[in-house]
Amino acid sequence: MPIETTALTSHIGARLTGIEACRPLTAAEVEAIDEGMNRHAVLVLPGQDITDEQQLAFTRNFGPLEEGANSTVRNSELRLDAAFADVSNLDKEGRKLARNNKRRMASLGNRLWHSDASFRVVPAKYSILSGRIVTTAGGNTEFADMRAAYDALDAATKAEVEDLICEHSLIYSRGQLGFTDFLPDERVAMKPVRHRLVRTHPGSGRKSLFLSAHIGTIVGWPQPEAMAFIRDLIEHATQPPFVYSHRWTQHDLVMWDNRATMHRVRRFDDLNIVRDMRRTTTRSDGPTAAQEAA
Ligand code: OGA
Ligand code: MN
């Protein structure tokens, strides 16, 4: 089957066909996917009815797994293998999460524009999300192109952001929603990490804005001034021309490059409708900035 990619917008996203994610990939197939990701930053592979094991094997083609995405959930409570980020609204018994469930509260953070695991020293590279049970009323996933957003900045702003370092933490993203109910050891685990605001993508050579809801300040700036600026940049970067909105069909496998995009999920009736989405993730090559001395 020939591999074909069809662009979905003028900046971001393509539909890729001709690969079966349930089978071992050839080196040429892995290369074709990497090339598609370098160019489009988001790939939609329709019709991929895969098991968890197949999804893990597919993901390992693209780098070391990013694990621990469920770090605020005890292992005994996990519905899926710990290598998965469970972004469903289901508990271990397959019941919909109750309104005040802690995992539900935390997952509401996915409604804010973010880049996965930007709160880690080594943040995520690719995220791979499998739509096992999808919703049609709400629940779209939107992706914004941080390369196009960078390119569209004026020269003075490009110069200003070039060497800025931001601090990222889950405390900041959850705090934006008023979720501040953390245990002491969770606070330690959520210590802010530092990242460059401008990254150069190794695969495409393009610069991008490394924005995320996890950002809580810019190093050396007063926090309110930093956050007002970050809000402006996020507003700029998520204008409709830079965004692809994905409406899910069952068995879509959607991959995105967290080094070049932000994403968010749109609201849906999660107390009444089942949405079973399972994410695997690979890690970036290394830190983007030196960390604060301990
Ligand atoms: C994620 C995420 C969005 C969605 O898996 O990282 O943000 O549509 N999910 O569930
Ligand atoms: Mn996410």
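Is Ala41 buried or exposed? The close-ups below, taken from a predicted model, begin with that residue.

**View 1. Ala41, a residue with positive phi in a loop.** Ala41 is buried, because its relative accessibility is 1% and the cut-off for buried is under 20%. You will find Ala41 in the loop that links helix H1 (27–40) and strand S3 (42–45). Check its backbone while you are there: phi is near 70°, a positive value in a residue that is not glycine.

**View 2. His251, another loop residue with positive phi.** Here the loop runs between strand S12 (243–246) and strand S13 (253–257). His251 is not a glycine, yet its phi is positive, at about 75°.

**View 3. The manganese ion (ligand 2) and its donors.** Three residues coordinate this ion at 2.1 Å: His114 through NE2, Asp116 through OD and His263 through NE2. To trace the donors along the chain, follow the spacing H-x1-D-x146-H. Two of these residues can be looked at for burial as well: His114 is buried, with a relative accessible area of 4%, and Asp116 is buried too, with 3%.

**View 4. Phe179 and its contacts.** Phe179 sits in the loop between helix H6 (170–176) and helix H7 (184–189). Its relative accessible area is 12%, so Phe179 is buried. Leaving aside residues up to four places away in sequence, Phe179 touches Lys102, Met105 and Arg174. Look also for Leu108: it lies 71 residues from Phe179 along the chain, and the two C-alpha atoms are separated by 9.7 Å.

Definitions and conventions:
Residues are numbered from 1 along each chain as its sequence is written. Chains are lettered from A and ligands numbered from 1 in the order in which they are written. This is a predicted model: local features need pLDDT of at least 70, side-chain atom pairs count only at pLDDT 80 or more; totals for chains, interfaces and linings use all residues. Side-chain values use heavy atoms; hydrogens and water are left out. Helices (H or I, at least four residues) and strands (E, at least two) are DSSP runs, numbered from the N terminus. Buried means under 20% relative accessible area, exposed over 50%, partly exposed in between (1.4 Å probe, protein chains only). Contact means heavy atoms within 4.5 Å. Donors are N, O and S atoms within 2.8 Å of the metal (3.2 Å for Na, K and Ca); water is not among the atoms, so sites may look incomplete.
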